[in-house]
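Subject: Structure handover

Hello,

Here is the structure I said I would pass on. Please open it beside this message and read the notes with it.

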Amino acid sequence: IDIPECETWLWCNDGAENRDFGKFPTYTNINKYVSSAAHLEGKKIVSCEEGTNLGAVFNMTMERMKVTCDQSNLSGVTHSVLCGFNYSPIEAPFPGWVRYGMYLNDQNTWWPYFKLFAAYKTRLSVILQETEAFADIAILHPLADMWTIHGPQRDPFPRLRYPEYQYRVWEGIHKNGNGCDYISESVMQQSAMGNGWMKYKNRTYNTIMLLEVETMMPATADALLQFVKKGGKVIFVGKEPCKSSGLRDYKKNDKKVAQAVAAMKRANPSQVFTVKAPADDMIDWFGNIQKQCDIRPYMKIDRPVTYISQIRHQADGKDIFFVSNCSTDDRYKIQATFPESKGKPFLWDLETGERYHYPAASGNTLTIDLPPAHTQLIVFDTKSEGLDYPALPVEKPGKELSPWHLRMEHINGTTQERAIQSLLDLSTDEQTRSFAGYLTYEKKLEGDISSFNWLDLGKVFGVSEVSLNGENLGCRWYGRHLYRIPEHSAKADEKILRIKITTTLGNYFKSNPENKVGYGWTRNQTWQPVGMLGPVKLL
């Protein structure tokens, strides 16, 4: 109870790399309940068992791990407990003792890069733990009605839901630029009602949304009435309350509930709304509610999309926004206006700790560029200290690079070398399908490339490292594998480009029934894409 904990699973029984995180998020239904309860009680640490899975053992990439954990943070998590590190005795044959999870282990090929993920996650966790989560909308689920219809359900995996969409409403709210908490009837009864707000301890809401709630205690109905009389906004979704919970004096109490709802409409009809229940598109549904009920977002997004979501935190006069793109394939650019935020916008780099003036800002309107699997921490601050953000590549056709010399260092100790005219997914070739280890793509760059400042690797399955003339240009472990080319290297007479890709282990184990542990976990997984698919371009 001191440290409430929820759970995030990576549902991917087929092990598919291109899993649609937007339509099938990784947080469980209980996450938003747990974080809301923590917010209501003023707790800063919301713990989470994170990354549990049965279908991606040995095929978990760092990119998928990042997107999974980003979605936890969007649901309110501030402290991650990763699942898991596999302790094994030295004499246990490779890959050692294995339990389900992400195979966080020093025998994993990408383990040397894990510190990059840990640094990113640590910075974000500290920010979220040291600040106050913000919400302007309170949501009441029809728990009494659900118990009447279905009986109590086990979270985080309820077999039955009422209504069916009940756990997805908060997603539509956040993807449209508002924030919310789930509340209970007892919270409403204990809250203070003021000038257009309901306050419970340190939480304040200007709107209460009830999801097909028919049954409530008379005291809850009375609290709602007081909220409306004080100028608060109430939205009934699908149904209006008309019954009381329990059998004792139920006729008298049913009447009290119905009378309170009627009194709300008489007292302040412009603040009481009844709207249709959502169908499939939760984003469009809540966007229409914003217009119909005059709900003003604190982050006004020009084009809400399934894959972009956000949370807002506050501290010491700063407005802090964590914005995430959970698509691992598509890049999105949105324009967002922050009407309530004061000060100048800054971009805080969660990988390096650097703080930059926001690169594409016009007052409080920002052009937010989110490549696949990318996030941004946007901070509005009255202080002006910050670095100038480095210029990004011009988005126009560049110079595509081919052919390549490929060196393949397999974890089984074998090495192959081959010349390839064009890049390909190694898992599509029977001869290379079982590869796991380290790929080095090498090419001599001919001619003058001084007009190019960037190298874009295109689509990469794995962790990439790049060197030019022996100079290390860095490492990319998710999203866009984009590297800045030093001017002196671009002007060198001889230019040798080397790109190292570190793969996952899964395809090797899937093709190796003799390894009972590895094969046992991967035999039902699909073959995973491997290598650098490109196109590789100079920009």
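This is a predicted model: local features need pLDDT of at least 70, side-chain atom pairs count only at pLDDT 80 or more; totals for chains, interfaces and linings use all residues.

Residues are numbered from 1 along each chain as its sequence is written, and side-chain values use heavy atoms, with hydrogens and water left out.

Pockets

A pocket here is an open set of points on a 1 Å grid over the protein atoms alone, where a 1.4 Å probe fits and protein lies on both sides within 12 Å along at least five of seven lines; lining residues have an atom within 4 Å of a point. A volume is the space filled by probe spheres set on the points, which are joined across faces, edges and corners.

The largest pocket has a volume of about 1200 Å³. It is lined by 42 residues, and Asp-349, Glu-351, His-374, Tyr-389 and Leu-392 are the closest to its centre. Strand 20 supplies the largest share of this lining, four residues. (Helices are DSSP runs of H or I with at least four residues, strands are runs of E with at least two, and both are numbered from the N terminus.) By class, the lining has 27 nonpolar, five polar and 10 charged residues. Nonpolar means Ala, Val, Leu, Ile, Met, Phe, Trp, Tyr, Cys and Pro; charged means Asp, Glu, Lys and Arg; the others, Gly among them, are polar.

The second largest pocket has a volume of about 680 Å³. Of its 29 lining residues, Lys-23, Phe-24, Pro-25, Arg-168 and Glu-171 lie nearest its centre. Helix 5 gives the most to this lining, with four residues. The lining divides into 12 nonpolar, seven polar and 10 charged residues.

Helix 2

Helix 2 (residues 62–74) has 13 residues and spans 18 Å from first C-alpha to last, close to the 18 Å expected, where the expected span is 1.5 Å times one less than the number of residues. Because 13 of its 13 residues are buried, helix 2 is largely enclosed by the rest of the structure. Buried means under 20% relative accessible area (1.4 Å probe, protein chains only). Just after helix 2, Gly-76 has a positive phi of about 115 degrees.

Three strands form an open sheet in the order 7-8-9, with antiparallel pairing. Strands pair if DSSP finds at least two bridges between them. Strands 7 and 9 are the edge strands. Strand 8 is joined to strand 9 by three bridges, and Tyr-200 has Arg-203 in strand 9 as its bridge partner.

Regards

How values were computed
Buried means under 20% relative accessible area, exposed over 50%, partly exposed in between (1.4 Å probe, protein chains only).
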